[in-house]
Amino acid sequence: MTPSISRSNTPVIRRRTWLTLATALGLATHHAFAQARQLLRISTPAVPDDWHARMWTVMKEQLGKTAPGQFDVQISLNASLFKQGAEPVAMARGNLEMTTLSAFDIAKLVPEFSIFTAGYVIRDPAHLMKVFNGPIGEELFKRVSEKMDITVLAPLYYGTRQLNLRERRNVRTPADLKGVKLRMPGSKEWLFLGEALGATPTPLAFGEVYLGLRTGTIDAQDNPLPTVKSAKFYEVTQQITLTGHLVDVLFIGVSNKLWATLNAEQKGRLQGAAQAAASYNNEKRIADENQMVDYFKRQGLSVTTPDVDAFRKSVQTTYLQSDYAKVWPKGLLDRINATR
Ligand code: KDO
């Protein structure tokens with residue numbers, strides 16, 4: 001067959017061959033590009049409306065701008081990928097790249113971290129950020145990397161934990177919580193905090209708390225107020241008691257398995273995006289926390305203020321007399337207290 005002649009004088013058959021070749025090349029490049037993207041699977045028990053869930057989208061969007069096409073960020077909320085507390089093991093096995101770790105998760109493997117699981121140690125969000133963004137954080141994150149194979153990219157303020165009771169009760173001091181089945185996440189470090197508050201701690205995963213409160217298998221739970229709102233615990237409780245017992249922190253962590261494969265520029269981009277996510281969370285959460293008491297009152301809950309000094313004294317004494325305090329590095333508590 002004689003090839004027809006195009007206006008450009010290029011034989012159509014040759015043009016088609018070029019087109020096919022170019023398309024194939026394009027596809028191959030696209031494929032290689034897609035393959036080169038670093039898989040970043042994120043798992044968290046956080047509910048979609050909570051700030052530490054939304055912040056992952058902030059991180060993803062920032063990475064999309066600063067490192068386009070380099071990361072494949074997959075966000076799983078509501079503990080739909082790994083159950084609460086199982087994330088560090090999943091990371092060690094190479095099944096997960098990122099999560100938020102609590103001080104309680106870390107204390108299982110880095111015992112000195114239990115200092116941050118003790119009530120009334122960190123004073124407020126500003127104190128928390130100073131402690132973790134300074135030399136204390138640096139030293140402790142080194143230990144986390146060595147012992148857990150996880151690099152901490154950013155600390156974040158999770159909020160100040162308050163008591164939230166299913167039924168109204170006069171709570172002034174820890175003695176008033178005697179016999180109250182207080183739900184705590186399922187590890188001995190968490191249960192100890194519940195005990196130190198004077199209650200009967202009952203382990204339960206975050207995702208089961210709503211039903212536990214509704215059915216009465218638990219009498220109370222503790223969480224920061226923005227989470228009481230976003231997880232809708234206020235629908236199944238009648239009282240909030242402002243114990244303020246734990247100014248809680250979470251850490252955005254990445255597995256060292258992934259971290260080691262990144263070049264310096266990618267590390268910088270990922271750290272920058274994680275820090276932007278943490279700042280977003282902190283800003284939104286603090287603003288939200290300030291309006292929460294009014295919000296819950298409007299929802300018909302009673303919001304009470306106990307004798308916080310009595311709680312502080314009792315919780316601090318319980319911790320200082322416990323085995324936990326025995327592994328706290330000498331002088332660390334004083335250094336934390338002295339951080340301003
Ligand atoms: C909870 O289970 O009470 C807790 O607040 C513990 C935190 O460390 C963290 O795991 C949090 O749940 C989840 O992110 C859900 O908000």
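Predicted model: local features only at pLDDT ≥ 70, side-chain atom pairs only at ≥ 80, totals over all residues.
Student: What joins the side chains of Ser230 and Asp50?
Tutor: A polar contact of 3.2 Å. Residues are numbered from 1 along each chain as its sequence is written, and side-chain values use heavy atoms, with hydrogens and water left out.

Student: Ok. Is Ser230 buried or exposed?
Tutor: Buried, with a relative accessible area of 14%. Buried means under 20%, exposed over 50% and partly exposed in between, using a 1.4 Å probe and protein chains only. Ser230 sits in helix 9, residues 225-230. Helices here are DSSP runs of H or I with at least four residues, strands are E runs of at least two, and both are numbered from the N terminus.

Student: What else is Ser230 in contact with?
Tutor: Beyond its neighbours within four places in sequence, Ser230 contacts Val47, Asp49 and Asp50, where contact means heavy atoms within 4.5 Å. Val47 is 183 residues away in sequence, yet the C-alpha atoms of Ser230 and Val47 are 7.0 Å apart.

Student: Now another serine, Ser43. Which strand is that in?
Tutor: Strand 1, residues 38-43. Ser43 is buried, with a relative accessible area of 0%. A polar atom of the Ser43 side chain lies 3.2 Å from the backbone nitrogen of Phe82. Phe82 is also one of the contacts of Ser43 outside four places in sequence, along with Ser76, Leu81, Glu87, Leu96, Met98 and Thr99.

Student: Switching topic: which residues touch the most other members of the largest nonpolar core?
Tutor: Phe113, Phe116, Phe132 and Ile336, out of 55 residues in that core. A nonpolar core is a set of buried Ala, Val, Leu, Ile, Met, Phe, Trp, Tyr and Cys residues joined through side-chain atoms within 4.5 Å. There's a second, separate core of 25 residues, with Ala67, Ile252, Val254 and Ala278 among them.

Student: And what does Phe116 touch?
Tutor: Leaving out residues up to four places away, Phe116 touches Ala103, Ile122, Val131, Phe132, Ile136, Leu140, Leu246 and Ile336. Val131 belongs to helix 5, residues 125-132, and is buried at 1% relative accessible area. Among the contacts of Val131 are Phe116, Ile122 and Ile336.

Student: What about helix 7, which residues are buried there?
Tutor: In helix 7, residues 188-196, the buried ones are Glu189, Trp190, Phe192, Leu193, Gly194 and Ala196. Gly198 follows that helix and has a positive phi, near 100°.

Student: Last topic, pockets. Which residues lie nearest the centre of the largest one?
Tutor: Pro45, Gln84, Gly85, Arg183 and Phe206, among 36 lining residues. A pocket is an open set of points on a 1 Å grid over the protein atoms alone where a 1.4 Å probe fits, with protein on both sides within 12 Å along at least five of seven lines, and lining residues have an atom within 4 Å of a point.

Student: And which element gives the most to the lining of the second largest pocket?
Tutor: Strand 8, with five residues. Strand 4 and helix 12 (308-320) each supply at least two. Strand 8, residues 239-255, also supplies at least two lining residues to the largest pocket.

Terms used
Polar contact = N/O pair within 3.5 Å; in protein donor to acceptor, adjacent residues only side chain to side chain.
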